Amino acid sequence: MGVLSEELRNQIRALFPNYPNKRAVVLPALHLVQDAERHVSIEAVREIAELLELRPAEVHDTMTFYQFFKDEKHKLGKHRVWVCRSISCMLRGGEELLQHMCEKLHVHPGETSADGKVTMEFAECLGACDGAPCILVDDEAHMNITPEKADELLKSL
Amino acid sequence: MATFEPTLLARIGKPDSQSLETYRKDGGYEGFKKALGMAPVDVINLVKDSGLRGRGGAGFPTGLKWTFLPKDHQGPIYLAINGDESEPATFNNRILMEMDPHQVLEGIAISCHAIRSNKAYIYLRYEYGRSYRALKKAIEECYAAGLFGKNIHGTGFDLDVVLHRGAAAYICGEETGLIESLEGKRAWPRIKPPFPAIEGLFRKPTIVNNIETMACVKQILDRGAEWFKSMGVPPDPNNPRDAGSYGPKLYCISGHINKPGCYELPMGVTSRQLIEEQGGGVWKGRKVKAVVPGGISMGFMTADELDLPLDFNGPGKAGCLGLGTAAVTVIDDQTSMVDVLFNCARFFAHESCGQCTPCREGTAWMHKILTRIRMGEGQIRDLDLLTEVASSMGIIPGTTICGLSDGAAWPIKNAIKKFRGEFEDYINSGLKTVKSAEALMAVH
Ligand SMILES: Cc1cc2nc3c(=O)[nH]c(=O)nc-3n(C[C@H](O)[C@H](O)[C@H](O)COP(=O)(O)O)c2cc1C
Ligand code: SF4
């Protein structure tokens, strides 16, 4: 019995019929593992590789290309909060918002608050420019965010 | 402007617009049924006749692209739907997927029949959680209703649609980067040819199309090629490469505008119309300094160029790379173009996949020079250096694999040409507009 639960393994196996080969399940598998464990450990990489009949290096190569996936040293908090820094948000105060939220949580982008609740990140365009400045909490967009609204949101997490 | 009745957005805002039930009440999936009664080649010809060009940024004629698939291929043939939408300021695909997922799915089903594909993958950027949930539910509804699956409507046509989530990387929107990513690898674009239509996903013939393109296909089946072609702009006789710009288009307006949003209008409206008639004017009563016609890869149009039509041909006349995604970003006259350009350069430096040296080094270098300028340490010759670096990193000489490099270089060349005075003033004054937030972000 490794670090991946039988349930996770079954969730990963259930995706096999969607694709002509198992390698295509790398991203979905990494998502499943990271969602459950808040990071993808080297051991998990090995076990995903075994399940998908790949070399660990192949899974690790893909995983590290996407900064989205975090290793042991950068374990995610309970929630992931992204502030958009792209053009439309920047024009309407996105960067100041990021500054405000980082100060509030005493973190730099990429770090997790001391209570383990929130990992603060910046995003390249979130595609919610009609509600700039916008932030993403996990995968749900919140639009037209003022520092006050941001404080409330953080409190509600 | 005469009042225009939206079609792509007709159902947005209606109660329960995401559900199969309301979609069917609005005549949904009749177009798919009609397509199934037609020979695939007739569907392709219909789309060809409509003049539809892809809405993902490059504007390639959709029907023509479909004909590049090898004839009599034993299969499988794949349809890969590009729902990555990461070009800054672009959000039209999101609105369609979130609010009217069945319109997109019906377009996909019709297109699969046309290209004789039994399997479609929707590559969806991870950040679009609401789109994910809406599409997931809509796909489940289609399977339950026998619209997807085996032997649809007893016609012998099988169709599977798989929703696949990305992992927050712009390069996954480039069609071959998307294919690599879907295959479980890093999203490194492939050298073309072979084009995906010959050798794409899982090394099989593949068509990559945008979400809005799919919605257009659905509407063309319902309303006909003539209807689509009755809107927009015919080819420019002075531009032999222009294939015309037909049909309705979703324009996203954002930035310094009173009413940001996604608006549907016939191809060929102007930035001025969008800003004044749809967007409610520039915020805080200010004036326009510049407009980005369609995502930051395209470059900038000045306040003097607001009357150029935003069709596939228009922005090029103002020295822009093209129409791109028709995501119009409005920049007011109190904003520094140095700051705006820095923002663009930082984006591309962050998003270059790193495979090609001119792109990897060029984007990093331009970012560095603009950082230096914004620290108050720039010199006039930095402007020429920026232009020189930008000029050396295009796909035209064939030194880079994909279009990101060109898209990164274009706004630099274009902004320094159009706003050189402002850049010079900035440098000469020793101004420093670096925000403290940037020091925080520098850790990445
Ligand atoms: C760097 C880069 C990013 C791209 N991002 C997207 C995207 O997010 N969505 C999209 O549909 N097309 C994107 N494209 C264009 C695609 O490569 C491709 O042309 C398009 O998906 C084809 O669909 P269409 O013919 O329906 O427009 C991108 C191109 C480049 C070079
Ligand atoms: S041009 Fe840039 S983004 Fe495209 S493949 Fe080369 S390095 Fe990657």
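This is a predicted model: local features need pLDDT of at least 70, side-chain atom pairs count only at pLDDT 80 or more; totals for chains, interfaces and linings use all residues.

Reader: Ligand 1 to begin with. How many residues surround it, and which are the closest?

Author: There are 18 around ligand 1, and the closest are B:Gly56, B:Asn82, B:Asn209, B:Asn210 and B:Thr213. A residue is near a molecule if one of its heavy atoms lies within 4 Å of it.

Reader: What is the make-up of that shell by class?

Author: The shell around ligand 1 has nine polar, six charged and three nonpolar residues. Ala, Val, Leu, Ile, Met, Phe, Trp, Tyr, Cys and Pro count as nonpolar, Asp, Glu, Lys and Arg as charged, and the others, Gly among them, as polar. With three residues, β5(B) gives the most to this shell. Strands here are DSSP runs of E, at least two residues, and helices are runs of H or I, at least four, numbered from the N terminus.

Reader: Which side chains have an N or O atom at 2.9 Å from a ligand 1 oxygen?

Author: B:Lys65 has one at 2.9 Å from an oxygen atom of ligand 1, and B:Asn209 has one at 2.9 Å from an oxygen atom of the ligand. On the backbone side, a polar atom of B:Gly56 is 2.7 Å from a ligand 1 oxygen. A polar contact is a pair of N or O atoms within 3.5 Å.

Reader: How much of ligand 1 does the protein bury?

Author: The protein buries 88% of the 610 Å² that ligand 1 exposes when taken alone. Accessible areas come from the Shrake-Rupley method with a 1.4 Å probe.

Reader: And ligand 2, which residues come nearest?

Author: Of the 13 residues around ligand 2, the nearest are B:Cys353, B:Gln355, B:Cys356, B:Cys359 and B:Cys402. That shell divides into eight nonpolar, five polar and no charged residues.

Reader: Switching to packing. Which residues have the most contacts inside the largest nonpolar core?

Author: A:Tyr66, B:Leu105, B:Ile108, B:Ile122 and B:Phe300 do, in a core of 160 residues. Helix α13 (residues 337–351) of chain B gives the most to this core, with nine residues. Apart from it lies another core of 24 residues, among them B:Ile253, B:Tyr263, B:Val288 and B:Cys320. A nonpolar core is a set of buried Ala, Val, Leu, Ile, Met, Phe, Trp, Tyr and Cys residues joined through side-chain atoms within 4.5 Å.

Reader: What does B:Leu105 touch?

Author: Leaving aside neighbours within four places in sequence, the contacts of B:Leu105 include B:Tyr29, B:Ile122, B:Leu135 and B:Phe148. Contact means heavy atoms within 4.5 Å.

Reader: Why is α8 of chain B largely enclosed?

Author: Seven of the eight residues of α8(B), residues 175–182, are buried, so the rest of the structure largely encloses this helix. Buried means under 20% relative accessible area, exposed over 50%, and partly exposed in between (1.4 Å probe, protein chains only).

Reader: What do those buried residues pack against?

Author: They pack against α2 (26–37) of chain A, together with β1 (78–83), β2 (119–124), β4 (157–165) and β5 (206–210) of chain B. Just after α8(B), B:Gly184 takes a positive phi of about 95 degrees.

Reader: A:Glu53 is not a glycine, so what is its phi, and is it buried or exposed?

Author: A:Glu53 has a positive phi of about 55 degrees, and this residue is exposed, with a relative accessible area of 59%.

Key:
Residues are numbered from 1 along each chain as its sequence is written. Chains are lettered from A and ligands numbered from 1 in the order in which they are written. Side-chain values use heavy atoms; hydrogens and water are left out. A polar contact is a pair of N or O atoms within 3.5 Å; within protein, one must be able to donate a hydrogen and the other to accept it, and residues adjacent in sequence count only if both atoms are side-chain atoms.
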